[in-house]
Amino acid sequence: MSTCLIALDKVKKVFYTDEVETHALMNISLKINKGEYVSISGPSGCGKSTLLSLLGLLDTSSGGEYQLAGNDVSDIDKKERARIRNKEIGFIFQSFNLISDLDVEENVELPLTYRKDLTKSQRQQMVKDALAKVDMSHRGKHFPAQLSGGQQQRVAVARAIAGNPSIILADEPTGNLDSKNAEAVMQLLDKLHAQGATICMVTHDPRSAKQAKRTVELLDGQIIADHSTEKGTDNGNAAA
Ligand code: ADP
Ligand code: MG
């Protein structure tokens, strides 16, 4: 039996700037089950990052409903959003987003420090485990500038997984990496998925998209295709 982790129902996002209204997302309905590995693809400007920000509770929608792990999170206040985000979501960004004056261990620990349910020694153990998973234990006391791009992204992956989030959201995680480092990060995500992680990754690299088990295609703020890359079946989620 598959457990539904994410359910978006007719979600919209409109940006207002000066006189211009941008309908970045229109009526997005999407379900993601626990344990799935989904890639989101589509041309630049089609709404991929906006969708990921909404999924990750970094931003709020302009309409529609969002259920995360059975809870309606469409209308919660900022504080509650931050609390749920810290516990349930692990984010990986294209530009790594590590803090330059914190060392590797401190970077990985940072999101955990907002968790009131963890003690310092629990946090330290989680940092240790996460760095071991990405093979970066030996770099704990290094600063981001002392690491290659590929190593920085592995640290960012450790930061994302340290708190055992319900879902890992990755926005173009290999976009700033050469092909060798990109491949290493993709293999890492694959391994995490094999260990049970739920992953939703934005990519416009078709090779990366293929590693996911399901691809959702966006165009102009709408889902135009949703198919399983394993069996070639349709998931029935695409807009008609
Ligand atoms: P993608 O990640 O697929 O390249 P985005 O989600 O970043 O696309 O953007 C979707 C659309 O929304 C684009 O037209 C973009 O210009 C617009 N947009 C994104 N973020 C903002 C913002 N903060 N303010 C105004 N417009 C935005
Ligand atoms: Mg983007």
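**Entry 1: the fold**
I'm working from a predicted model. I went through the secondary structure and got seven helices and ten strands for the chain. Next I checked the radius of gyration: it is 18 Å, close to the 18 Å from the globule rule for 240 residues, so the chain is as compact as a globular protein of that length. I also took the extents of the C-alpha trace along the principal axes, and they come out at about 50 × 45 × 40 Å.

**Entry 2: contacts, surface, charges**
I looked at contacts with a separation of 6 or more, and 68% of them are between residues 24 or more positions apart. Of the 240 residues, 46% count as buried. For the accessible surface I have about 12,100 Å², with carbon and sulfur atoms holding 48% of that. I then compared the charges: there are 29 positive and 31 negative ones, and their mean positions lie 6 Å apart.

**Entry 3: Pro 165**
Where does Pro 165 sit? I found it in the loop between α5 (149-161) and β7 (167-171). Buried or exposed? Pro 165 has a relative accessible area of 19%, and the cut-off for buried is under 20%, so I log Pro 165 as buried.

What does Pro 165 touch, leaving out residues up to four places away in sequence? My list reads Lys 87, Glu 88, Ile 89, Gly 90 and Ala 160. I also checked Asn 86, which is 79 residues from Pro 165 along the chain. The C-alpha atoms of Asn 86 and Pro 165 are 8.1 Å apart.

Notes: Residues numbered from 1 in each chain as written. Chains lettered and ligands numbered in written order. Predicted model: local features only at pLDDT ≥ 70, side-chain atom pairs only at ≥ 80, totals over all residues. Heavy atoms only, no water. Helix = DSSP H or I, 4+ residues; strand = E, 2+ residues; numbered from the N terminus. Rg over C-alpha atoms; globule rule 2.2 N^0.38 Å. Buried < 20%, exposed > 50% of the residue type's maximum accessible area, 1.4 Å probe, protein only. Contact = heavy atoms within 4.5 Å. Areas by Shrake-Rupley, 256 points an atom, 1.4 Å probe, with all protein chains shown as cover. Lys, Arg positive; Asp, Glu negative; His and termini not counted. Charge placed at Lys NZ, Arg CZ, Asp CG, Glu CD.
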